[in-house]
Amino acid sequence: MVVHFPLALVFTATLSLLAARLLRGESYAATLATVGTWNLCLGAVAALFALATGLAAMIDLHAGVTARQAVSLHVKWAVFTTLALVLLAVWRGAGSAQESRPSWIFVVLLLLASAALIATGYRGGENVYRYGVGVQRLAV
């Protein structure tokens, strides 16, 4: 359940900050930039929690070699993506006024981080639905 918060918050942030960059109206752009900044910062914190819960779940992981390799790749993506989101949140949250329009460089990097988040989520879904990682059988 924890993994869905960073997904929702980061995608809301990405759309809001992209719209803030593209819109001409200053008041709408300022509002969207503020919403995007807050969502990005909360999404980065949520990504840290998701990473922590994932690493904690690996402690008692009983899986085959193929599943362990898939989990390892997912963890690498998760660490990279979380680090990117935290750095972008610090850049946006501490580097400029929250109501200011983001630069194009920032927007492009945020889009790339969002793409990495999609790849990370896809790999996590594969771990569950393809390899059965974290799935327990019900006692019948």
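Q: Where in the chain is confidence lowest, and where is it highest?

A: Confidence is expressed as pLDDT, the predictor's confidence in each residue on a scale from 0 to 100; in this chain it is lowest in α3, at a mean of 89, and highest in α1, at 95. The chain averages a pLDDT of 88, and 93% of the residues score at least 70. Where pLDDT is low, the predicted coordinates should not be read in detail. This is a predicted model, in which local features need pLDDT of at least 70 and side-chain atom pairs count only at pLDDT 80 or more, while totals for chains, interfaces and linings use all residues. Residues are numbered from 1 along each chain as its sequence is written, and side-chain values use heavy atoms, with hydrogens and water left out.

Q: How many helices and strands are there in the chain?

A: Helices (H or I, at least four residues) and strands (E, at least two) are taken as DSSP runs and numbered from the N terminus. Here there are 4 helices and 0 strands, so that the pattern read along the sequence is α-α-α-α, as the DSSP runs define it. The C-alpha trace of the chain spans about 60 × 30 × 20 Å along its principal axes.

Q: Which residues of α2 are buried?

A: A residue is called buried under 20% relative accessible area, exposed over 50%, and partly exposed in between, using a 1.4 Å probe and protein chains only. Of the 140 residues of the chain, 32% count as buried. In α2 the buried residues include Ala29, Ala33, Gly36, Leu40, Gly43, Ala47 and Leu51. An α-helix has 3.6 residues a turn, so residues three or four places apart point the same way. The buried residues of α1 include Pro6, Val10, Ala13, Leu17 and Ala20, and those of α4 include Phe106, Leu110, Ala113, Leu117, Thr120 and Gly124.

Q: How many salt bridges does a search of the whole structure find?

A: A salt bridge is a side-chain nitrogen of Lys or Arg within 4 Å of a carboxyl oxygen of Asp or Glu, and the search finds 2. In one of them the side chains of arginine 101 and glutamate 26 meet at 3.1 Å, N to O. Arginine 101 lies in the loop between α3 and α4 and glutamate 26 in helix α2, so the pair ties together parts that are 75 residues apart in sequence. Arginine 101 is partly exposed at 25% relative accessibility, whereas glutamate 26 is exposed at 55%. Arginine 130 also forms a salt bridge, with glutamate 126, the closest N and O atoms being 3.3 Å apart; here arginine 130 is exposed, at 58%, and glutamate 126 is buried, at 19%.

Q: Which residues lie nearest the centre of the largest pocket?

A: On a 1 Å grid over the protein atoms alone, a pocket is an open set of points where a 1.4 Å probe fits, with protein on both sides within 12 Å along at least five of seven lines, and its lining residues have an atom within 4 Å of a point. The largest pocket is lined by 33 residues, of which Val3, Ala50, Gly54, His74 and Gly124 lie nearest its centre. The elements giving two or more residues to this lining are α1 (4-22), α2 (26-58), α3 (65-95) and α4 (104-129), and α2 gives the most, with 8 residues.
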